[in-house]
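Look over the model first, then read on.

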Number of protein chains: 2
Amino acid sequence: MRDRVTVALTEVLDGRWAHVRRAVRERLGAEFVTVPGETGDQARERVSRLIRDLPTDVGVVSAFPVEYGGSDDPGGSTVAAEMLAQVDLSLMVKAGVQWGLFGGAVVALGTKRHHDAYLRDIISADLMGCFAMTETGHGSDVQQLRTTCTYDAASGNFVLHTPHEAARKDYIGNAARDGRMAVVFAQLITGGRSYGVHAWLVPIRDEHGKPMPGVTLGDAGPKAGLLGVDNGRISFDHVTVPRDMLLDRYGQVAADGAYTSSIENDTRRFFTMLGTLVRGRVTVGAAASAATRSALTIAVRYGETRRQFTSPGADREIALNDYLAHQRKLLPALARSYAYAFAQEELAVTMAEVFSLAEPDEHRQRELESRAAGLKAVQTWHATRTIQMCREACGGAGYLAENRLPGLKADTDVFTTFEGDNTVLLQLVAKGLLTGYRDAFGSLDGWGRATFVAEQVREMMLERTAARSLIQRLVSAVPGRDEEVAVTDRGWHLALFEDREKHLLDGAIRRLRKGADTKKDRPFDIFNDVQDHILSVAGAHIDRITLEAFVAGIERATDESARELLGKVCDLYALTTIEEHKAWLMEHGRLTPARSRAVTAVANDLLRELRPHMRTLVDAFAVPEEWLNAAVLREEPARQEAMAKEDDALRAEPPL
Amino acid sequence: MRDRVTVALTEVLDGRWAHVRRAVRERLGAEFVTVPGETGDQARERVSRLIRDLPTDVGVVSAFPVEYGGSDDPGGSTVAAEMLAQVDLSLMVKAGVQWGLFGGAVVALGTKRHHDAYLRDIISADLMGCFAMTETGHGSDVQQLRTTCTYDAASGNFVLHTPHEAARKDYIGNAARDGRMAVVFAQLITGGRSYGVHAWLVPIRDEHGKPMPGVTLGDAGPKAGLLGVDNGRISFDHVTVPRDMLLDRYGQVAADGAYTSSIENDTRRFFTMLGTLVRGRVTVGAAASAATRSALTIAVRYGETRRQFTSPGADREIALNDYLAHQRKLLPALARSYAYAFAQEELAVTMAEVFSLAEPDEHRQRELESRAAGLKAVQTWHATRTIQMCREACGGAGYLAENRLPGLKADTDVFTTFEGDNTVLLQLVAKGLLTGYRDAFGSLDGWGRATFVAEQVREMMLERTAARSLIQRLVSAVPGRDEEVAVTDRGWHLALFEDREKHLLDGAIRRLRKGADTKKDRPFDIFNDVQDHILSVAGAHIDRITLEAFVAGIERATDESARELLGKVCDLYALTTIEEHKAWLMEHGRLTPARSRAVTAVANDLLRELRPHMRTLVDAFAVPEEWLNAAVLREEPARQEAMAKEDDALRAEPPL
């Protein structure tokens with residue numbers, strides 16, 4: 001049934017970890033698929049059970065070191081988690097908490113004694129754990145966590161304490177029900193001095209599931225979605241933590257309380273520690289996009305067979321996908337989903353490369369963090385918008401749980417604010433661009449050293465991220481005068497995206513420098529006055545690297561028809577992105593009014609050209625039918641048959 | 001605690017039916033407020049119980065005729081339903097199904113014998129009923145419903161039948177559990193001819209709750225939200241319906257099967273019948289906006305006390321509302337909510353006037369339907385976007401059910417597609433503008449008579465809707481050259497909104513006429529090629545009448561400070577609306593690039609000016625604290641106290 005073009009598209013989309021994707025598709029059957037309409041308790045019970053049933057050889061634990069049962073393949077584990085998102089987002093998040101955050105922190109922040117003691121049980125899910133970082137009062141600014149862990153040289157133990165209500169650990173996955181240990185982030189205090197946030201491995205429940213002494217566990221209660229994840233709250237009342245439970249890869253405390261670290265600066269150490277956890281953001285962005293592809297598959301297929309309003313002069317009702325307004329909703333989102341699939345693939349590849357370097361490369365590490373942050377932000381917002389649109393595109397059917405879209409929407413909703421609030425993340429991207437990924441970038445605070453940053457900003461050379469020589473060739477081929485170039489010219493798209501980023505960045509630098517001169521007494525205002533501008537810089541940057549990834553991705557397609565189709569999809573992505581920024585482009589002389597109108601006209605032409613390929617474009621996502629699990633798709637053949645019968649009847653006798 | 005300005009703002013917002021709003025606020029206490037985290041069964045049981053407990057003297061049944069226990073006040077009933085939306089959206093929808101749709105249809109389409117027999121029991125909720133119009137296969141195009149009701153002169157009864165699966169009634173409120181009767185819409189066939197869709201009152205359950213013979217009842221199952229509403233499915237297998245159960249105000253069938261009606265044309269009759277049900281759309285738009293005001297109240301108040309990241313040089317963290325990016329999210333949405341509150345008030349007043357006319361005025365009726373459709377569409381989309389944004393603005397807390405936002409989001413989500421799919425509704429608005437609300441407008445088909453419509457379109461005189469003389473004065477005072485006028489000039493806003501609508505409308509007419517000439521053989525394409533343009537016409541129209549309503553609303557404020565504040569809020573609404581359409585305005589020479597940039601700069605200045613008034617602006621919505629029912633608001637004093645303590649501590653000793 002899948003034709004050559006569809007197969008070829010799937011091959012390009014599946015990318016380097018195609019084997020992981022295929023394994024997950026083949027191995028995870030209906031028993032793993034989300035169940036609509038469960039109560040919270042039912043969902044938690046099911047997901048807790050399934051996480052132990054998950055076949056670990058399909059990649060879900062492949063980021064762990066080989067010696068403990070993993071395969072040292074962080075890219076593969078990200079892709080496996082991404083695939084899980086199409087099966088059940090609660091299961092994906094539960095797996096992310098257990099193996100990504102909890103297990104990942106033990107690997108990255110702990111040392112051999114922690115690995116030897118715990119990793120096997122973590123991998124087998126015999127030891128379920130939490131990643132206890134966020135507090136009620138501090139989520140984005142985790143450098144300012146209020147929980148303290150104070151070393152007492154007399155007893156040789158740490159004392160972990162929650163000083164007030166707002167310092168309780170909140171929203172913590174696995175905390176309400178299943179977690180037996182937690183990696184707890186707190187301010188490390190020894191010898192009367194704080195060395196900033198560090199992490200400890202702390203038992204929170206005994207073998208009977210009862211809270212450990214001094215530990216108070218609460219339930220975050222019902223949530224918008226992700227019912228299968230037991231998010232909860234943890235408070236500590238002077239809890240004794242043995243010295244060797246400090247995850248001490250980046251900072252050590254000797255028996256006498258002396259603190260040592262290979263990174264002297266507290267802030268820099270903290271962000272180095274955080275940096276090792278970048279995989280979480282890479283995974284969340286990927287998962288959001290995977291869920292979006294499921295939603296688009298459902299909505300596009302529904303629009304193929306759902307008809308409404310009779311065509312004048314015809315005896316047949318019109319399929320939703322034939323309406324221009326419907327195409328305007330679905331196709332640009334579909335094109336953007338292709339674009340992000342390529343950008344995400346490139347991000348995973350980069351992550352794998354950076355992680356496999358023999359010597360850490362700080363510049364590349366920062367760049368990776370920045371792109372992970374940016375792509376997480378844009379992909380999760382794309383998911384929120386697109387799944388909502390898909391639900392509306394299915395009308396009342398889209399509101400029923402049996403059609404999957406409400407679950408996809410509710411479950412992915414939290415992605416825009418977890419693993420970093422999107423707005424804060426985009427700010428991080430912008431800061432990286434402003435400072436060339438240098439030291440200041442590491443700080444998440446955004447304002448703390450505004451003056452410093454304002455002084456440090458420099459004109460960045462834009463760094464091309466993918467298919468550098470091809471892109472350079474395309475850009476160079478664009479004639480000087482825009483009006484002579486077709487609006488579908490790829491070189492023109494690339495040059496325009498690049499120019500927009502550069503101009504926005506230059507402008508931000510100018511305004512920040514001016515602010516630093518004139519607002520020395522109001523340092524907060526230096527950044528805040530240009531916050532919207534700074535966020536645009538980040539958006540423009542992500543737009544550009546996404547387009548470059550798309551262009552590079554097309555090159556990887558070996559089937560000519562698939563390449564051609566991808567080219568049109570890329571045109572649509574480029575033109576609808578340009579449409580979004582039309583006003584800015586005209587304001588800054590990058591687009592004439594006439595050419596701006598042409599962009600919209602050509603985009604509409606593209607919709608018509610892509611209309612016949614809508615089904616192919618979603619089929620290429622290759623979401624298994626039993627994962628889609630939507631009643632409207634199960635009823636597809638019946639709907640087609642009924643319509644055909646009605647058509648026959650209408651042809652036989654004119655309507656009453 | 002509520003200061004003079006807040007009280008004055010509330011007074012203007014409460015409008016003509018302030019007494020209804022106050023009564024609902026005072027009479028509906030915590031026992032009516034939505035309960036987060038219920039199972040579907042619990043929610044249905046609670047809401048079924050509460051609908052009978054609702055005090056009917058607060059306006060919820062005031063649309064019914066005085067002689068049966070109502071007060072002939074459709075405006076008041078819409079406002080009461082709107083208030084219910086802040087209490088519990090399931091309860092509001094359940095009430096809407098029972099009294100608005102079911103009861104409303106019996107009133108509007110039935111005659112005295114139906115009223116005498118059923119209205120008292122409908123009002124008391126002793127007789128629960130359904131509004132069985134939508135079918136699985138036909139929701140927007142209800143003129144093409146497939147259910148048939150065929151008169152059999154021999155028996156003197158109708159036979160009601162569902163010919164195939166896609167013709168089952170679907171998504172029907174009260175069908176799964178509580179409904180004992182249904183107003184069923186079906187094609188009336190008598191004497192071998194169809195007279196189009198009519199409605200019958202049909203028993204669907206007996207007194208024991210069992211389905212009546214030939215009636216199959218199903219459950220639509222779990223939904224994204226509105227768990228308290230028992231949506232279901234109904235199929236009929238040759239069900240006998242006595243002749244007198246036809247709701248026969250607009251069409252009668254004599255014992256011998258002869259059909260009579262005062263409206264000869266089937267289509268026109270059907271849309272006249274539909275037109276009597278306009279109150280549903282008026283109510284849904286109002287309810288969406290009311291829920292949005294609750295969400296904004298929660299998010300703005302959270303942003304006042306939630307702080308994150310330390311201000312450089314200060315020992316205090318920064319409140320979220322102090323960030324430009326946060327203001328950019330919340331304030332334009334808040335301004336738009338004010339705008340829609342005024343537009344909705346005017347719509348309700350218009351509805352009350354049209355309904356109270358001694359002689360029906362078809363032109364005004366059509367205009368009312370158009371504005372109800374348009375304001376329903378824009379308000380429900382505004383709700384979906386804004387509640388989502390509010391949830392994100394509250395971070396992780398916004399994802400917890402205890403903070404109310406997930407419920408507001410999930411419950412209002414369906415509003416964009418029920419009581420008319422928003423895209424179809426905007427098309428209806430555009431068609432009304434194109435044809436001057438003449439006959440063709442009534443048809444929902446959108447395409448069926450494309451050629452006819454294309455020929456009929458004429459240059460419309462824009463009709464001002466509110467405060468006509470004031471608006472004319474403001475517009476006339478604008479000098480000829482835009483660049484000489486401040487971008488905050490109200491006359492300029494009004495003129496620009498009006499000009500945009502007129503230009504878009506003229507352009508659509510031109511393109512349709514051209515299409516009618518050149519595409520005679522492809523009538524579907526005539527409309528479809530310009531569908532996006534047509535939808536813009538509708539959007540521009542609603543933008544204009546909303547701005548005019550806002551301007552008129554400011555005039556009603558008696559407190560000078562309140563007027564001044566409303567003026568700034570209106571500036572922000574106008575400028576951010578202009579920002580949205582900047583590209584179009586530049587493309588069409590309505591805005592120079594320089595002035596376009598000035599619009600954004602001045603909008604940002606307005607954000608700073610309005611920042612200190614954010615709390616006042618949401619307090620003026622006067623949502624009772626126990627209705628808000630959000631944990632983050634209950635924790636507000638504790639949060640303030642804890643932060644104050646930390647501030648003191650920080651001041652006393654420098655941070656570790």
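The notes below cover how the two chains are related and how they meet.

## Basis

This is a predicted model: local features need pLDDT of at least 70, side-chain atom pairs count only at pLDDT 80 or more, and totals for chains, interfaces and linings use all residues. Residues are numbered from 1 along each chain as its sequence is written, chains are lettered from A and ligands numbered from 1 in the order in which they are written, and side-chain values use heavy atoms, without hydrogens and water.

## Interface

Contact means heavy atoms within 4.5 Å. Chain B gives 85 residues to it and chain A gives 84. Of the interface residues of chain B, 99% are also interface residues in chain A, so the copies meet through the same surface.

The area buried between the chains is about 7,000 Å². Buried area is the accessible area (1.4 Å probe) lost on putting two parts together, summed over both. Carbon and sulfur atoms give 54% of it. B:F309, B:Y399 and B:E587 supply 12% of what chain B buries against chain A, more than any other three residues.

## Salt bridges

The interface has 10 salt bridges (a side-chain nitrogen of Lys or Arg within 4 Å of a carboxyl oxygen of Asp or Glu). One of them joins A:K582 and B:E587, with the closest N and O atoms 2.5 Å apart.
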